[in-house]
Amino acid sequence: MSARTIWWVPRVLGWWDWWFCWQLACDPLVRTMSLDRRKPGLLRHLRWMARWVHGALGGERIAWVIEVPEFTGDDHGVPWHRAGLVRVNTVADRTLEFSIALAAPYRGVGLGTDVIKVMTATAACYWHREVIAKVRPENTASTEAFRHAGYRPIGLGRDRVTVLEWRES
């Protein structure tokens, strides 16, 4: 993919997304950069899906699947492809934690930064809370995407991960 504007839409995670999330969770780069580097077994993954799909009902966490269109020349019946996953959950009384994972074809083209900007502002506005992200120090691409989206490093967290905080600009 070339560096260009990528149209995308978020939609709430549903059970029908289990296979996409499983593939994303098993992606070697996603595992390497994840805070939990263990490859999930199928049962563990389905439990994770249940927490995130049903967690949205309680308002303490929500996950969105990011979809991008495949433009084929005609303007009806445009197929959509899953490109990534965004998760936001409450980690403290006034703090949300934001995370993102993109499928391989959508990394490095600016999609992550765009999604982080819009979805962080959406979450902060909806929940009226501060937003943080935790990134492994070696994950420079993710750190840069968060910085370009308005996050600033505020220190090191547990396991020596970089903690970044979003400030409304």
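1. Basis. The model is predicted, so local features need pLDDT of at least 70 and side-chain atom pairs count only at pLDDT 80 or more, while totals for chains, interfaces and linings use all residues. Residues are numbered from 1 along each chain as its sequence is written, and side-chain values use heavy atoms, with hydrogens and water left out.

2. Overall fold. The protein chain has five helices and seven strands, taken as DSSP runs numbered from the N terminus (helices H or I, at least four residues; strands E, at least two), and along the sequence they follow the pattern β-α-α-α-β-β-β-α-β-α-β-β. Of the 169 residues, 44% are buried, that is, under 20% relative accessible area with a 1.4 Å probe and protein chains only. Among contacts (heavy atoms within 4.5 Å) with a separation of 6 or more, 59% link residues 24 or more positions apart.

3. Strand S4. Because six of the eight residues of S4 (residues 95-102) are buried, this strand is largely enclosed by the rest of the structure. S4 pairs with S3 (residues 80-92) in the antiparallel sense over eight bridges, and with S5 in the parallel sense over three bridges; pairing here requires at least two DSSP bridges between the strands. A hairpin joins S3 to S4 through two residues. Thr95 stands opposite Ala92 on one side and opposite Glu130 in S5.

4. Leu85, leaving aside residues up to four places away in sequence, touches among others Leu13, Trp48, Trp64 and Ile100.

5. Second largest pocket. A pocket is an open set of points on a 1 Å grid over the protein atoms alone, where a 1.4 Å probe fits, with protein on both sides within 12 Å along at least five of seven lines, and its lining residues have an atom within 4 Å of a point. Helix H4 (111-127) and strand S5 (130-135) each supply at least two lining residues, and H4 gives the most, with three. The lining, which includes Cys125, Arg129, Glu130 and Trp166, has five nonpolar, no polar and four charged residues, with Asp, Glu, Lys and Arg counted as charged, Ala, Val, Leu, Ile, Met, Phe, Trp, Tyr, Cys and Pro as nonpolar, and the others as polar.

Key: Buried means under 20% relative accessible area, exposed over 50%, partly exposed in between (1.4 Å probe, protein chains only).
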